[in-house]
Amino acid sequence: MPGHGHHGHHGHGGQLTPEQQRQMIEQDLRLAKNLGKIKHKIVVMSGKGGVGKSTVAANIAETLQSLGFKTGILDADIHGPNIPKMLGIEMLEDEFNQYQFDTFKALVEEGIVGKDLSQDEQKEYIETKKEEYKNSMFPVVSPSGLKVMSMAFLIDAIDRPIIWRGPQKTGAIKQLIADAYWGELDYLIIDNPPGTGDEPLTVLQTIPETDAVIMVTTPNVVSQEDVLKCVKMVELMNIDKIGLIENMAYYICPHCGEKLNIFGKGNGELFAEEMEITYLGDLPIEEKVSDSPNKEATISTLDPSDEVSKRFVEIVKDIQKEFTKD
Ligand SMILES: Nc1ncnc2c1ncn2[C@@H]1O[C@H](COP(=O)(O)OP(=O)(O)OP(=O)(O)O)[C@@H](O)[C@H]1O
Ligand SMILES: [Mg+2]
């Protein structure tokens with residue numbers, strides 16, 4: 001990952017060198033420390049791409065934050081990280097590095113870091129730590145106070161694809177999870193890459209004590225078969241709290257208010273029952289939640305009195321009731 005250290009990338013095949021072993025242990029320690037003050041961790045997944053997983057993850061996170069819970073969102077998608085864009089806080093590597101330094105500087109000036117330093121000593125301390133803190137991982141705080149970490153912050157051009165080799169990919173995902181300083185959080189929502197491949201599996205394996213997994217699907221059978229595979233994978237990881245959200249399930253006619261099931265009546269509830277997972281409800285197709293190009297941000301533009309916002313509040317309350325007892 002450009003400019004952000006080289007830990008976590010151990011060689012493939014062969015034995016680990018003592019140095020590589022040491023780095024892995026250190027990463028595990030950082031992971032335990034950085035995730036240690038998070039009360040609940042919820043992973044959002046989907047059997048296939050494009051079903052609205054990121055949209056749902058971002059909305060759930062914003063809803064929790066708006067209800068007064070300290071919330072973070074981790075965008076674990078390393079190919080198409082779009083959570084920052086959805087939240088209107090896009091930033092590339094240079095800007096992110098500057099943000100890191102500014103955050104560190106503020107912490108020193110507020111006396112949170114380097115407690116007993118005089119003003120002159122603070123200045124000197126900031127100067128000596130300058131380079132080090134450009135490579136730190138403070139999440140970016142959105143206008144609503146949501147803490148956000150994404151691979152999108154660690155790339156230097158939005159239009160240039162990152163070419164990862166297999167072990168680099170899992171290394172980058174682990175680093176993103178292990179190295180972010182979340183501090184105290186009530187909830188961390190993780191937007192997992194789609195499917196059942198190496199990447200979503202790495203996320204599940206790396207995050208300790210996941211409270212629950214939420215599957216996002218759309219009302220068609222093909223997508224349900226993919227969800228089934230995903231549920232099986234999650235169960236293999238010994239996570240038994242699994243919920244299902246059926247996204248884009250209906251459309252509310254703007255003229256008469258009628259609920260139109262344009263893809264046919266969703267059978268998400270039945271499906272969830274068959275799989276013995278918790279049905280968390282459905283969501284409408286709603287232009288307000290789509291990231292249409294004429295909008296700056298997806299979620300922060302939602303009005304709390306909108307029907308979709310109310311649906312998200314209901315879903316969040318269900319998640320708390322079923323999974324986290326908050
Ligand atoms: N309920 C909805 N109503 C209208 N548009 C939606 C809704 N949910 C998602 N979308 C739109 O559908 C598209 C895909 O959504 P999103 O990016 O959240 O899916 P994803 O599952 O995260 O995709 P990927 O697999 O690429 O990460 C986006 O343009 C998004 O704005
Ligand atoms: Mg996505």
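L280 is buried, with 25 other C-beta atoms within 10 Å, and in this predicted model the residue lies in strand β9, which covers residues 278-285. Once its neighbours within four places in sequence are left aside, L280 is in contact with I214, G243, L244, I245, I315, D318 and I319. L280 and E322 stand 42 residues apart in sequence, while the distance between their C-alpha atoms is 9.3 Å.

**The chain as a whole**

- The chain contains ten helices and nine strands, and its C-alpha atoms fill a box of roughly 65 × 50 × 40 Å when the box is taken along the principal axes.
- A compact globule of 326 residues would have a radius of gyration near 20 Å, and the chain, with 21 Å, agrees with that expectation.
- Of the 326 residues in the chain, 38% are buried, and L280 is one of the buried residues, because 25 other C-beta atoms lie within 10 Å and the cut-off for a buried residue is 20 or more.
- Among the contacts in the chain with a separation of 6 or more, 79% are accounted for by residues 24 or more positions apart.

**A pair of crossing helices**

- Helix α1, residues 18-35, and helix α6, residues 166-179, have axes that come within 7 Å and cross at roughly 45 degrees, which means that α1 is oblique to α6.
- Where the two helices meet, Q27, R30, L31 and N34 come from α1, and K174, I177, A178 and D179 come from α6.
- The residues of this contact between α1 and α6 divide into three nonpolar, two polar and three charged.

**Two residues with a positive phi**

- E209 is not a glycine, and yet its phi is positive, at about 50 degrees; the residue is found in the loop between α7 (198-206) and β6 (212-217).
- Is E209 buried or exposed? E209 is exposed, because 9 other C-beta atoms lie within 10 Å and the cut-off for an exposed residue is 12 or fewer.
- M248 is likewise a residue other than glycine with a positive phi, in this case near 55 degrees, and its place is in strand β7, residues 242-252.
- Is M248 buried or exposed? M248 is buried, because 22 other C-beta atoms lie within 10 Å and a residue counts as buried at 20 or more.

Key: Residues numbered from 1 in each chain as written. Chains lettered and ligands numbered in written order. Predicted model: local features only at pLDDT ≥ 70, side-chain atom pairs only at ≥ 80, totals over all residues. Axes fitted to C-alpha atoms, helices over the stretch in contact; angles between N-to-C directions. Helix = DSSP H or I, 4+ residues; strand = E, 2+ residues; numbered from the N terminus. Parallel < 35°, antiparallel > 145°, perpendicular 65-115°, else oblique. Contact = placed C-beta atoms within 7 Å. Nonpolar A, V, L, I, M, F, W, Y, C, P; charged D, E, K, R; others polar. Rg over C-alpha atoms; globule rule 2.2 N^0.38 Å.
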